Amino acid sequence: MCEQHTQLPPYQCTYEGCQMRFTVPSKLKRHEKVHRGYPCKEEDCTFTGKTWTEYMKHKKEQHRLILKCDQCSKVFRDSWFLQQHQHVHSEYAGRPQVPQGQL
């Protein structure tokens, strides 16, 4: 075997007891998240996800954005649905729709 294939990758994880090595620093940085986790950035929340997926699930379930219609106070969890709802309050809301080209 040639020398190039017997050398260990140069970037080693510094976490105690971990022997993982990587060929590029970006992969080492991504790996280190396994040890540190993904802490929640919300105020007074102590949650730390072991994986990005676990963190995102927590964020979606525990810190979900709540949007309120300023006209009727109806609550939405997605800006698109709020935007669609706001059409019921527009000046054209009760008028029948006339297909384009038939005026």
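Reader: Why is Tyr38 called buried?

Author: This is a predicted model. Tyr38 has a relative accessible area of 17%. Buried means under 20%, so Tyr38 is buried.

Reader: Why is Trp52 called partly exposed?

Author: The relative accessible area of Trp52 is 48%. That value lies between the cut-offs of 20% and 50%, so Trp52 counts as partly exposed.

Reader: What makes the rings of Trp52 and Tyr55 a tilted pair?

Author: Their centres are 5.3 Å apart. Pairing needs centres within 6.5 Å, so these two rings pair. The planes stand at 45°. Stacked needs under 30 degrees and edge-to-face over 60, so this pair is tilted.

Reader: Why are Trp52 and Tyr55 separated by about one helical turn?

Author: Because they are three residues apart in helix 3.

Reader: Is Tyr55 buried or exposed, and why?

Author: Tyr55 has a relative accessible area of 6%. The cut-off for buried is under 20%, so Tyr55 is buried.

Reader: How many aromatic pairs does the structure hold?

Author: Three. One of them joins Tyr38 and Trp52.

Reader: What makes the pair of Tyr38 and Trp52 edge-to-face?

Author: The centres are 5.6 Å apart, with 70° between the planes.

Reader: Which residues do ring pairs link into a cluster?

Author: Tyr38, Trp52 and Tyr55.

Conventions
Residues numbered from 1 in each chain as written. Predicted model: local features only at pLDDT ≥ 70, side-chain atom pairs only at ≥ 80, totals over all residues. Heavy atoms only, no water. Phe/Tyr/Trp six-rings, centres within 6.5 Å; stacked < 30°, edge-to-face > 60°. Buried < 20%, exposed > 50% of the residue type's maximum accessible area, 1.4 Å probe, protein only. Helix = DSSP H or I, 4+ residues; strand = E, 2+ residues; numbered from the N terminus.
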